[in-house]
Amino acid sequence: MLESAKKLSTQLNAKGVIAFGDYNARHQMWGDNTENSYGKQIATELKFQDYTIISSAEPTFLSDNGNSLIDFMITSTATEHLFTDMKTDIDAELFSGAPIRGHVPILSSIKTACVENSPAPPKMKIDLSSIDWAKWSDYIEDDLAAKKTDFFNSDATSQWNIINTTIHAATSKFATHKKSTPHSKPYW
């Protein structure tokens, strides 16, 4: 399973593999007080140079005849530093049908470079429907006519700057702006 996940993560250019689950594997290596065959198999076959096990300090399965730590995460060693605060939610209702038996939710934090749940701020864009196009074009013609001498005595870059400055001035004078989000309708 991990080798397939590793192969897929390479194809997708992912940073690593995260496999979180109920392994029913007990072993002292990840904090359980005993071992079973599943635990021994993971402990002997897992390539610890590539993967690490992250578990909580508390039992993840509660039972009136004994608790165990059988729910944990196997992650690539390249990503293990991103996980913090692995713990169980001991106050959660188990809803397992038995009075004191069931898996306890495991909580973990992951460090990311992005800000969670923060939508992109709206951008201000020109409201094309607000422009009085006749006044806008008259302004540009009048302004360029006034700069005619400078325009014709300039190189191409300076000419472009004169035109660009005039267009921006006309747009600032005759257009209003509106907020636009990624979900705004296109102008057409």
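1. A term to have in hand before looking around: a nonpolar core is a set of buried Ala, Val, Leu, Ile, Met, Phe, Trp, Tyr and Cys residues joined through side-chain atoms within 4.5 Å. Keep in mind, too, that what you have here is a predicted model.

2. The largest nonpolar core holds 14 residues, and Trp30, Ile42, Phe72 and Ile74 have the most contacts inside it. The elements that each put two or more residues into this core are helix 2, strand 2 (51-54) and strand 4 (71-76).

3. Once you set aside its neighbours within four places in sequence, Ile74 is in contact with Leu2, Val17, Ile18, Ala19, Tyr23, Leu46, Tyr51, Thr52 and Ile53.

4. Now the pocket. Helix 2 supplies the largest share, with four residues. Sorted by class, the lining has eight nonpolar residues, three charged ones and one polar one.

5. What about His27: buried or exposed? It's buried, because its relative accessible area is 11%, and buried means under 20%. His27 sits in the loop between strand 1 (18-22) and helix 2. Not counting residues up to four places away in sequence, His27 touches Asp32, Thr34, Glu35, Gly39, Lys40 and Ala43.

6. Stepping back to the whole chain: the secondary structure comes to five helices and nine strands. If you trace the elements from the N terminus, the order is α-β-α-β-β-β-β-β-β-β-α-α-α-β.

7. Some overall numbers to finish. The protein has 188 residues, and 27% of them are buried. Of the contacts with a separation of 6 or more, 60% are between residues 24 or more positions apart. The accessible surface comes to about 13,300 Å², with 54% of it belonging to carbon and sulfur atoms.

Definitions and conventions: Residues numbered from 1 in each chain as written. Predicted model: local features only at pLDDT ≥ 70, side-chain atom pairs only at ≥ 80, totals over all residues. Heavy atoms only, no water. Nonpolar A, V, L, I, M, F, W, Y, C, P; charged D, E, K, R; others polar. Buried < 20%, exposed > 50% of the residue type's maximum accessible area, 1.4 Å probe, protein only. Contact = heavy atoms within 4.5 Å. Areas by Shrake-Rupley, 256 points an atom, 1.4 Å probe, with all protein chains shown as cover.
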